[in-house]
Amino acid sequence: IRFDHVTFKYKHGSGQPVLNDITFDIKPGETLGIIGGTGSAKSSLVQLIPRLYDAETGTVSVGGVDVRDYNLDVLRHEVSMVLQKNVLFSGTILDNLRWGSENASEEECIRVAKLACADEFIERFPDKYNTWIEQGGSNVSGGQKQRIAIARALATDPKVLLCDEATSALDPNTTHAILTLIKDINQKLGITVVVITHQMSVVEEICDSVAILDGGVVMEEGSVQEIFANPKTAA
């Protein structure tokens, strides 16, 4: 993934760019942490990758191809997202998993659930994969909901997994389990993972490299060891 002199502003915003002349690369198969405070435009940055928005100037490319040159369905199969608050709808677990890939077989759904460590709790339900999920996922825990959301994101067999504050609403033990899971998925599948967070501890735990965003500008970029060895960054 490459950002090449990217500037972006919202059409109905203040008129000022929220991203200013962003240039950096995300290497294939790495786990990159994008860190920054509230309002630093972390989410705006990654939303340019699956074209939820388009850059004002500059280019965002995936696999050497400008994202604007992709068929949108193809691009969004290649790039999946897991959010802080993922929407589960009323229907079975299988229905929810197929929201990622509507033609997925039951065997494929079980495969991605196993990858996301969701199979272990799904199999304990009396109706297993035919268990009914209430609107919003109110009858499953936060950790279970995130595992289902990760499985759903993997159903498209993506090349890139974007995790936008995916653990910020979870307790510390569940957060650790989900972070371990994300790193394991990266290692098993070799997909590129981008983790958006405001917590340095998240980046230190699972990321290979980090980009620090402030005021819509990449202030620092490099390996986790390089960046966190800098006393100014660590502070």
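Start with charge pairs. There are eight salt bridges in this structure, a salt bridge being a side-chain nitrogen of Lys or Arg within 4 Å of a carboxyl oxygen of Asp or Glu. Before the details, the ground rules. This is a predicted model: local features need pLDDT of at least 70, side-chain atom pairs count only at pLDDT 80 or more, and totals for chains, interfaces and linings use all residues. Residues are numbered from 1 along each chain as its sequence is written, and side-chain values use heavy atoms, with hydrogens and water left out.

One of the bridges joins Asp 25 and Arg 2, at 2.7 Å from N to O. Asp 25 sits in strand β2 (residues 19-25) and Arg 2 in strand β1 (residues 2-8), so the pair ties together parts that are 23 residues apart in sequence. Helices (H or I, at least four residues) and strands (E, at least two) are DSSP runs, numbered from the N terminus. Asp 25 is partly exposed at 37% relative accessible area, and Arg 2 is partly exposed at 32%. The scale: buried is under 20% relative accessible area, exposed is over 50%, and partly exposed is in between, with a 1.4 Å probe and protein chains only.

Another bridge pairs Arg 51 with Asp 54, closest N and O atoms 2.8 Å apart. Then Glu 123 with Lys 128, at 3.5 Å. Glu 123 is partly exposed at 34%, and Lys 128 is partly exposed at 36%.

Next, cysteines. Cys 163 is buried, at 1% relative accessibility. Cys 117 is partly exposed, at 31%.

Cys 163 also lines the largest cavity, with residues including Glu 165, Leu 179 and Val 202. On definitions: on a 1 Å grid over the protein atoms alone, a cavity is a set of points where a 1.4 Å probe fits but cannot get out, a pocket is an open set with protein on both sides within 12 Å along at least five of seven lines, and lining residues have an atom within 4 Å of a point. Grid points are joined across faces, edges and corners, and a volume is the space filled by probe spheres set on the points. The structure has one cavity of 30 Å³ or more. The largest cavity comes to about 70 Å³. β10 gives the largest share of its lining, three residues.

Now pockets. The largest has a volume of about 630 Å³. It has 21 lining residues, with Arg 76, Ser 80, Met 81, Trp 99 and Gly 100 nearest its centre. Helix α6 (142-154) is one of the elements that supply at least two residues of that lining. The second largest pocket holds about 160 Å³. Its lining includes Ile 1, Tyr 70 and Thr 192.

Last, α6 itself. How many of its 13 residues are buried? The count is 11, among them Arg 147 and Arg 152.
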